[in-house]
Amino acid sequence: MDTSMSAQAFSRKEKTEPLTAVDSGNDSRDVIANQAIEPGMNRTITRKFDFHIIPWLFGIWLLAFIDRSNIGNARIDGLARDLELDGTKFNIALTVFYIPYILIDVPSNWVVKYFGANYYLPGLLIAWGLVGMCTGFVKDYGGLLACRFFLGLCEGGLLGGLVLYLSMFYQRHELLFRIGMFYCAAPLSGAFGGLLATGLAQIRHNGYNRWPWIFIVEGAVTIAYGLVTIWFLPATPSNATFLTEAEREAAVHRMGLDAHGASKESKVESERFSWHWVRMAILNVNTIVLSLNYFAIITPIYSFSLFLPTIISNLGYDSVKAQLFTVPPNMAGFFAVILCTFLSDKIKGRGPIMLGCCSIAIIGYIMLLIKTTPLVHYGGTFLVAVGVFPSAPAVLGWLANNLAPHYVRATGTGLQIAVCNCAAFIATFTYLEKDKPDYTTGHSINLGMLVLSLALSTTHILYVKWENRKRENGGRDYRLDEGDEGMLGYRHPSFRYTI
């Protein structure tokens, strides 16, 4: 490509970066390597990524949450009765899903780039769509357990893969809003899933009555969507066919600038796996604290998604009304995710959003715990949704921002999701039949988890500020003399953690 055309993608503000290539007599390509992207070009690239990537990821996550939580809708439409799920059998069926889901998270992230995210992520979608359809044909408890196990195996690598995929295209302080733009599908799935389940549960055909059709139809839609998605997702910025050649070059270059010395490779596909990166991810303070924080957040999210229809039905509504009454709280969560992730990228901070959202959710659980009218309890579900759903993408984006390069981020994000999903073993047993209609134990557990998240977020904000000050004052410059600078990753003195 002609270097004069290429140079148009970059600004001429030499003050921000010393143009050492000019002094050394190298060509204009080396000059460009030290220059920032021209703002208009940057906006164009981001806008094209938003248009060509985000809608597909939104659909993937929407279907993922519908297919994993539709068992809650099926329960009140005859599943528990037909399969004789007495006692804790239903809770065990929920728990089985998370065993393979947890085990597959980290290794799945390692192979996303190898297979190509444009094939791997839709492939997962097709696989769990098939399992979802099979769930509609089960005749006994054992069959249900088998389907839930394989559903967890197929969905396990999805969330980490989606976050990792976006981190290949977007700069660190563009990332959270984009995570939010697909993650808002989680509360929307509760609203849409409830409406869809209400309609599908009216079907009675060929001996399959009500609840089987929830699984059969939703699984078929998932398979069809996966087959279409394969044709549209790009693997990396450098092979995004919807960009011009100059835009592709600029898209790769801006990711190198955003790494601030944490990666020696400008193209993500050039990075190679090393156990060195795995060790760095595991031993990072961010990985440990933010994994525990996500564990605390995901407990109320999972229990809320799985048991909201049950909680509302115990306020005195029949199954149809209980399904419909799940829609407004989930819609409130949907808009909260979009708003909070947008604000988070604007302020370039994740911790403050976490503190605010957790506080709102805590108030919601207090409303659910106090002895009062059903209307107040229902109002509490709104505050819980508005508080917990934005917290999940915030804590995910917080860790993704603070780990680099690719395989450190892949390992850390996978480990974070694996740790947090251990909370499912708590969440699936928080709302037991013996505790209804008040469910005091379940609400209390979730309240305690949110208080823990509040404490972890506060502590981590203070740590990040301290570490960034050390780097600004030259307290980490000694690392440049340790050996290969390209192997420092997030430990590079120029790299700054996100608050």
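Is cysteine 184 buried or exposed, and at what relative accessibility? Cysteine 184 counts as buried because its relative accessibility is 2%, and buried means under 20%. The model is predicted. Its protein chain holds 22 helices and 2 strands, and buried residues make up 58% of the 499 residues.

**Chain as a whole**

- Among contacts between residues at least 6 apart in sequence, 82% join residues at least 24 apart.
- The protein chain exposes about 19300 Å², and carbon and sulfur atoms supply 65% of that area.

**Cysteines**

- The count of disulfides in this model comes to 0.
- Cysteine 340 is in no disulfide; the nearest cysteine sulfur belongs to cysteine 357, at 3.8 Å, whereas a disulfide requires sulfur atoms within 2.5 Å.
- Cysteine 340 has a relative accessible area of 14% and is therefore buried.

**Arginine 350**

- Arginine 350 lies in the loop between α17 (327-347) and α18 (351-369).
- Because its relative accessibility is 0%, arginine 350 counts as buried.
- A polar contact of 3.0 Å links the side chain of arginine 350 to the side chain of serine 344.
- Leaving aside neighbours within four places in sequence, the residues in contact with arginine 350 include Arg172, His173 and Leu176.

**Nonpolar surface patch**

- Ile99, Leu103, Phe149, Phe150, Leu153 and Phe425 form a nonpolar patch on the surface.
- Together, the residues of this patch have about 550 Å² of accessible area.
- Two helices, α6 (89-115) and α8 (141-155), each supply at least two residues of the patch.
- Helix α8 contributes the largest share of the patch, with 3 residues.
- Leucine 103, a member of the patch, has its place in helix α6.
- With a relative accessible area of 66%, leucine 103 is exposed, because exposed means over 50%.

Technical notes:
Residues numbered from 1 in each chain as written. Predicted model: local features only at pLDDT ≥ 70, side-chain atom pairs only at ≥ 80, totals over all residues. Heavy atoms only, no water. Helix = DSSP H or I, 4+ residues; strand = E, 2+ residues; numbered from the N terminus. Buried < 20%, exposed > 50% of the residue type's maximum accessible area, 1.4 Å probe, protein only. Polar contact = N/O pair within 3.5 Å; in protein donor to acceptor, adjacent residues only side chain to side chain. Contact = heavy atoms within 4.5 Å. Areas by Shrake-Rupley, 256 points an atom, 1.4 Å probe, with all protein chains shown as cover. Patch = residues over 30% accessible without salt bridge, like charges linked within 9 Å, V, L, I, M, F, W, Y side chains within 5 Å. Salt bridge = Lys/Arg side-chain N within 4 Å of Asp/Glu carboxyl O.
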